[in-house]
Amino acid sequence: VGDLYPLVGSNASKNLANSLWSDPEAVPPGCKAVVELEIELLTGRTHQIRGQLSTEGFPLVGDAQYGGAIPGNTFMPPNTSFDDDGDGEVSTKARPPYGYARFDKLALQCSQLEFLDPNIVLKDDGTEVGRISDRWNVFRLEDAWWTPDLVNYQQQMSSSSPLVETNSVPTDASDEMLVRELKNAATSSVVRDHDSKSYSPLPPNILLTPGVHKYVLVKATKYSSSNDTAEIEWFVKSASPEECGGPYHANVAQGLVEELQRKGYDVTVTGGGRIDYNEYAPHAHVYGFSYGFGKGDHAKAASIIESSSKNTIIATFDNSNTLY
């Protein structure tokens, strides 16, 4: 099993997905990463690899027959004549069966062949015959057709410049200023009844807006003066600028922080970043950082999302420092 390559969360990931599939619509819903596997066939055919991996929930990239690609809208029978490359020349070529994505390549390639080298023996009648020898031949192919795409992804991720969404807003000074205001408000004189049992229910532990948005990880603590115990709750919130009133992490946090303070909790925003949330998969990918609050504990945020959703949302995370 090789390294995991995310398909969401950065420009490099999106470029990788566009390279492996013919177009974004061909990527199966819920597919958020790819990984290289080397499999040894003891018996059977390559069809066995495709079918068994698909049964386990890991179809091969580009394998529309087994769920590794979404078939194109136009279903073409074999031996259909059309202009392949737009040069005006129409050709007839053998086509795959109905239902295959038209230009997707199947990510299945032989990487190694091993066999005994036969001895050629000359018989008395002058004919040649093969005899098994003890010479074991091994032929190995290190690269596959998708290898350049993986190398390109690694080079982009190792680049010194952050991979920023084209619609993102520079938030260093502005975000830090709003964070300071929010922290000052949290330490000001707020009326709290730490031992009150009559407060309204807490907001949900996860508040996620579909799409790619900034998120904050919030720790809320309520102390009891009667027995010196502390009640701790964790919250993960992502929101669009339209929802929270601004483009900064502090805007995302403000409403939740103020609500928890009114309920008697001491509140700390421990960090932030971004969440790419697909409500239909459903899947949430946590990554990035906040200029004002710092980098969130993405592993913890992903764990909270899964546990609070009772595992109905699959959550992944990427701690790469190059992701904003």
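## Exercises around strand β11

His283, His285 and Tyr287 point one way from β11, Ala284 and Val286 point the other way, and all are buried (under 20% relative accessible area, with a 1.4 Å probe and protein chains only). The model is predicted, so to speak of local features pLDDT must be at least 70, side-chain atom pairs count only at pLDDT 80 or more, and totals for chains, interfaces and linings use all residues. Residues are numbered from 1 along each chain as its sequence is written, and side-chain values use heavy atoms, with hydrogens and water left out.

**Exercise 1.** Work out how many residues of β11 are buried, and which strands pair with β11.

*Solution.* 
- Start with the strand itself: β11 covers residues 283–287 (strands are DSSP runs of E, at least two residues, and helices are runs of H or I, at least four, numbered from the N terminus). Five of its five residues are buried.
- In general, side chains in a regular strand alternate between the two faces of the sheet.
- Next, look at β10, which runs antiparallel to β11 and is joined to it by five bridges (pairing takes at least two DSSP bridges). Tyr277 sits opposite Ala284 of β11, and a hairpin of four residues links β10 to β11.
- Then turn to β12, residues 314–317, which pairs with β11 in the parallel sense over four bridges. Here Val286 faces Phe317.

**Exercise 2.** Describe the lining of the second largest pocket by class and by element.

*Solution.* 
- Sort by class: six nonpolar, two polar and three charged residues. Among the lining residues are Leu7, Lys14, Cys31 and Asp276.
- Sort by element: α1 (11–20) and β10 (266–278) each give two or more residues. The largest share, three residues, is from α1.

**Exercise 3.** Locate Lys105 and list what it touches.

*Solution.* 
- Lys105 lies in the loop between β4 (91–92) and β5 (112–122).
- Leaving out residues up to four places away in sequence, Lys105 touches Val61, Gly62 and Trp145 (contact means heavy atoms within 4.5 Å).
- Now check Trp21, 84 residues from Lys105 along the chain: their C-alpha atoms are 7.5 Å apart.

Conventions
On a 1 Å grid over the protein atoms alone, a cavity is a set of points where a 1.4 Å probe fits but cannot get out, and a pocket is an open set with protein on both sides within 12 Å along at least five of seven lines; lining residues have an atom within 4 Å of a point. Ala, Val, Leu, Ile, Met, Phe, Trp, Tyr, Cys and Pro count as nonpolar, Asp, Glu, Lys and Arg as charged, and the others, Gly among them, as polar. Buried means under 20% relative accessible area, exposed over 50%, partly exposed in between (1.4 Å probe, protein chains only).
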